[in-house]
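Subject: Handover of a structure

Dear colleague,

Please find below the structure that I am handing over to you. My findings follow directly after it.

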Amino acid sequence: MADNLPSAFAVVVIGTGLPESIVAAACARSGQSVLHVDSRNYYGGNWASFSFSGLLSWIKENKQKKDINDECEDWRKLILENEEVIYLSKKDKTIQHVEDFCFDDQDSAEDVEEAGALPKLPVFGASGAKGVAEESEKEHPAMESTSPEVESQEAEQETGTEPASATEGNDTEMSSENEGSHSTALAESAPESGKTEAALSEIPSQEPRKITYSQIVREGRRFNIDLVSKLLYSRGLLIELLIKSNVSRYAEFKNATRILAFREGKVEQVPCSRADVFNSKQLTMVEKRMLMKFLTFCLDYEQHPDEYQDYENGTFAQFLRTRKLTPSLQHFILHSIAMVSETDCSTLEGLQATKKFLQCLGRYGNTPFLFPLYGQGEIPQCFCRLCAVFGGIYCLRHSVQCLVVDKESGRCKAVVDHFGQRISANYFIVEDSYLPESMCTNVCYRQISRAVLITDQSVLNTDSEQQVSILTVPPLDLGKPAVCVIELCSSTMTCMKDTYLVHLTCPSTKTAREDLEPVVQKLFSLNTEKETENEELKKPRVLWAVYFNMRDSSGIDRSSYDGLPSNVYVCSGPDSALGNDCAVKQAETIFHDMFPAEEFCPTPPNPEDIIYDEDEIAPEESEFSNSPEAKPEPSTEEGSSGDSAAVKKDENKE
């Protein structure tokens, strides 16, 4: 593969996280030649998602932190006298303090094989067999994610469906109404490869099913565990970009079904829409009127500055107390609607957050949020697929030794890869984790504390088991941050049946375990013994957990990096915010810095909508063409029902 790479590109992108993937897709869409490389064997970087076995391999890798040796020692002869090099980091130091715990019998899973995993080749000798097993573990994640197009095709074959289609038009938007059966089938069905194992493991519904660690290992491919936990605001920048660029055709989405609150030691559902408020039994009639009046004010608070300008220097929590709201309403608004800090959020920031929440209500459901089926790791791969459609070249397990900088101009001229090949380009996009320590001495990084749990019950059981919930747990102690909890059910294609995948996230004050374990103990049972107190029996049981700290490199000015060439742009990893606005803004800023005259991710023409003359390009090459004669025509719409959302064209608007 390396020998066939061209020696020059317009843009070289190092890393496959969300910002880098968006920039690469935008560059390819504008007609630029793009090379996208990553030393990892999976797409997404710290935005990636893994099967259970893949996550165990990722945990092992981050605990060991092995050095990566150069495969070619002769590459230095490619550097000329008037050039200098910036060595890229061989260690990823963005993940720290990784700790995983199993609350079930791990010995029972020693001989259990993952359903659907590749068979191990027979090797003579015990040592040889061990080597093949280790190599198989390393190879498996790459085979899952080597090509976004192949991966999507495999998923389509397994489920017997096709990705949701998108139609062009200025009024394109997403719909969650009853427009077809496609999304429901996708959301409720599992890959065919695991049906046999699931059927064998089913037991009568009247008996509570106890999930064991061996079952988790066996059905590990049903898990898609994200490294970063986020939701998509239905009117956020990422949703608008997915619609505008037609990237939404490569993904399916499910509504977040409920918003929860943790108050006085109990979890309860928060009424957020108008219907929820009036149907709520938690609130009195007076409280309902007070809440609706305040939310109506927040929708156009800019028109009434006299009502908040005296409190601009105070916190949003202090402002809420002046509005004659009951303590329960203040709690709901602060932690479950605005979702802001009680001590650090200003009045204006709180009003803006509340307005954003309210504006996103009702577009696709009763909550403002969407979640991509198969996890957040699908989103970077969707943009990678768009880039590949327009000619971008992708190389995983392809590390870059250094950036080559011209001494006179100070601009980066090329990169040298681990095969010793020199590749020239005009612009270079680099993920922050690849930058050397010498360049980051003046950079002050924040940290994010993360925990991922596999549990046997929901934090709030209802008649429906298929709930996607978001819960904000207020600080348990002074100086501690609030913790965002996102609970995913099996219909999101992120966990096996009868389990829940729970993500906990907060800004770090200590290690992830120290920050998040007190919240885990409040919400869940960690007791592995059968005899527990009645209170513990009511709590969901944690079957397996992992804690880790992740670097937050967002919001860092490029001037903070020492010796950064002017044509090298740095993309940050995930931030601690719930949405993805930071990544989209960063990608758009970088793209316009490189190509100010180009439109950022315009809607690509559908191949079936392009009309060619007889002497023009053959139809099979149409999806690579930007022919000015492309004429949008109505195409078959694929909709969704239930809680899933697909893309459609609003034909009622002109």
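In helix α1 (residues 18–29), the residues L18, P19, I22, V23, A26 and C27 are in contact (heavy atoms within 4.5 Å) with A583, V584, Q586, A587, I590, F591 and M594 of α17. Of the residues in this contact, 12 are nonpolar, 1 is polar and none is charged (Ala, Val, Leu, Ile, Met, Phe, Trp, Tyr, Cys and Pro count as nonpolar, Asp, Glu, Lys and Arg as charged, and the others, Gly among them, as polar). Helix α17 covers residues 581–594, and its axis lies 9 Å from that of α1, at an angle of about 40 degrees. This makes α1 oblique to α17 (angles under 35 degrees count as roughly parallel, over 145 as roughly antiparallel, 65 to 115 as roughly perpendicular and the rest as oblique). Axes are lines fitted to C-alpha atoms, for helices over the stretch in contact, and angles run from 0 to 180 degrees between N-to-C directions.

The model is predicted: local features need pLDDT of at least 70 and side-chain atom pairs pLDDT 80 or more, whereas totals for chains, interfaces and linings use all residues. Residues are numbered from 1 along each chain as its sequence is written, and side-chain values use heavy atoms, without hydrogens and water. Helices (H or I, at least four residues) and strands (E, at least two) are DSSP runs numbered from the N terminus.

I turn next to the sheet. It is open and consists of 8 strands in the order β5-β21-β17-β20-β19-β18-β10-β11, with mixed pairing (two strands pair if DSSP finds at least two bridges between them). At the edges are β5 (95–102) and β11 (266–269), each of which pairs on one side only. From one strand to the next, the twist averages 20 degrees. Helix α12 (residues 327–337) packs on the sheet and touches β10, β11 and β18, its direction making about 125 degrees with that of β10.

Within this sheet, strand β18 (residues 469–473) is largely enclosed by the rest of the structure, because 5 of its 5 residues are buried (under 20% relative accessible area, with a 1.4 Å probe and protein chains only). S469, L471 and V473 point one way from β18, and I470 and T472 point the other way. Strand β10 (residues 258–263) pairs with β18 in the parallel sense over 4 bridges, and I259 has I470 as its bridge partner. Strand β19 (residues 483–488) runs antiparallel to β18, joined by 5 bridges, and I486 in β19 stands opposite I470.

Yours sincerely

Key: Buried means under 20% relative accessible area, exposed over 50%, partly exposed in between (1.4 Å probe, protein chains only).
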